Amino acid sequence: MLDDRPLDDPADDPADDPRPSDGPGPADAPGDGDGEPARPTPRALVLSFGMLAIAVLTGVLVVLPAPYAVNGPGPTKDVLGEVDGEPLIEVAGAETYPSTGELRLTTISGVGGPGYPAYALNVLQGWFSPSSVVRPVEEVYPQDVSREEIDEVNAGQMVSSQENASVAALTELGYEVPATLVVAGTVEGTDAEGKLEEGDVLTALDGEPLPDYQSLVARLADVEPGDTVTLTVTRHSRSVDVPVVTGEREDGGAQIGVFVDPSFDMPVDVDINIEGIGGPSAGAMFALGIVDLLTPEDEAAGEVIAGTGTVDVTGAIGPIGGIRQKLAGAARDGATWFLAPSDNCDEVVGHVPDGLRVVEVATLHEAREAMVAIGAGEGGDLPTCTAG
């Protein structure tokens with residue numbers, strides 16, 4: 001404790017010291033007998049310098065940026081629950097039904113990107129954490145963009161994810177979701193380049209009407225890459241037929257070389273209230289939550305089911321990043337089941353936390369069937385990720 005007496009306090013005067021003056025008292029510091037303080041021992045010096053070095057090193061680890069990105073388990077959210085007292089998913093125009101289960105979207109949390117540097121201590125902690133991954137920052141984040149630009153992209157992906165989830169869920173439930181298919185641009189090097197214009201509205205393919213996006217996908221599924229198709233478009237209020245030689249997608253299917261920005265006419269209004277989470281990977285769980293809310297059956301029936309995956313308007317569930325961290329976050333927050341995209345299975349095998357059962361899904365329909373089976377206590381035979 002610091003002595004807060006003034007320097008001229010009488011108690012500091014040796015003449016007023018009540019101890020005998022003919023020798024050191026028990027409270028005196030040991031010396032060499034001549035009133036000089038004792039010299040520190042070599043061991044004390046080593047300990048002092050060691051503690052100083054540790055303090056300096058700790059300070060450096062706290063403030064020294066490191067060229068790495070560290071990702072770990074992030075928070076999970078029950079899409080059937082509430083955020084700040086409001087339902088995470090709100091539906092207007094249709095009756096909704098309560099659920100006793102939980103459907104948890106999963107996230108990752110990380111440092112190392114633009115605006116959020118990782119420090120040496122973060123990297124050390126990541127290396128020693130079995131549920132974290134440390135990678136060179138250039139492998140994770142583009143180096144020529146700002147934090148604001150990354151946040152803007154993530155926010156846009158989240159909005160698109162919510163729209164896709166709503167369309168996929170309503171379609172799964174039998175609703176018709178009409179769409180206006182607006183051309184947003186063409187793919188460079190394809191036959192559509194120079195033939196189709198931004199703002200064209202696709203209305204038919206080979207004479208078959210395209211009332212929604214799913215119709216376009218279904219029509220193209222019957223086309224072989226290299227075939228010529230006739231696209232009917234509305235351009236400046238006129239109907240125009242445009243022949244286009246199709247190209248080949250990475251998965252082998254045919255593509256027309258057009259970026260389509262669909263405008264959906266939703267039969268039911270769905271509003272998803274969530275902040276602080278970006279990207280497209282919650283789409284599958286959003287869609288599953290909408291399905292659960294709009295059906296009278298209590299599908300999850302008290303179970304805690306987590307999951308991840310993108311979803312498109314056709315209901316296809318796609319792969320995401322950071323699934324090992326999401327598995328760990330799900331187990332931490334009490335989930336006993338996890339719905340994983342089929343294309344992520346190679347990353348899942350060997351990394352499933354104790355007490356968590358993974359179910360492999362490729363479509364929203366499969367995820368819905370899995371949810372129903374789990375809620376009914378019949379999830380034991382559901383497909384899981386396997387090696388090879």
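Biologist: Why is Cys-345 called buried?

Modeller: Buried means under 20% relative accessible area, exposed over 50% and partly exposed in between, with a 1.4 Å probe and protein chains only. Cys-345 has a relative accessible area of 8%, so Cys-345 counts as buried. This is a predicted model, where local features need pLDDT of at least 70, side-chain atom pairs count only at pLDDT 80 or more, and totals for chains, interfaces and linings use all residues. Residues are numbered from 1 along each chain as its sequence is written, and side-chain values use heavy atoms, with hydrogens and water left out.

Biologist: What makes Cys-345 and Cys-385 a disulfide?

Modeller: A disulfide is a pair of cysteine sulfur atoms within 2.5 Å. The sulfur atoms of Cys-345 and Cys-385 are 2.0 Å apart, so the pair qualifies. Cys-345 lies in helix α8 (residues 345-348) and Cys-385 in the segment after α9 (364-375), 40 residues apart. Helices (H or I, at least four residues) and strands (E, at least two) are DSSP runs, numbered from the N terminus.

Biologist: Why is Cys-385 called buried too?

Modeller: Its relative accessible area is 11%, which is under 20%, so Cys-385 is buried.

Biologist: How do you know that strand β5 pairs with strand β17?

Modeller: Two strands pair if DSSP finds at least two bridges between them. Four bridges join β5 to β17 (residues 269-272), so the two strands pair, and they run antiparallel. Ala-92 stands opposite Asp-269 in β17.
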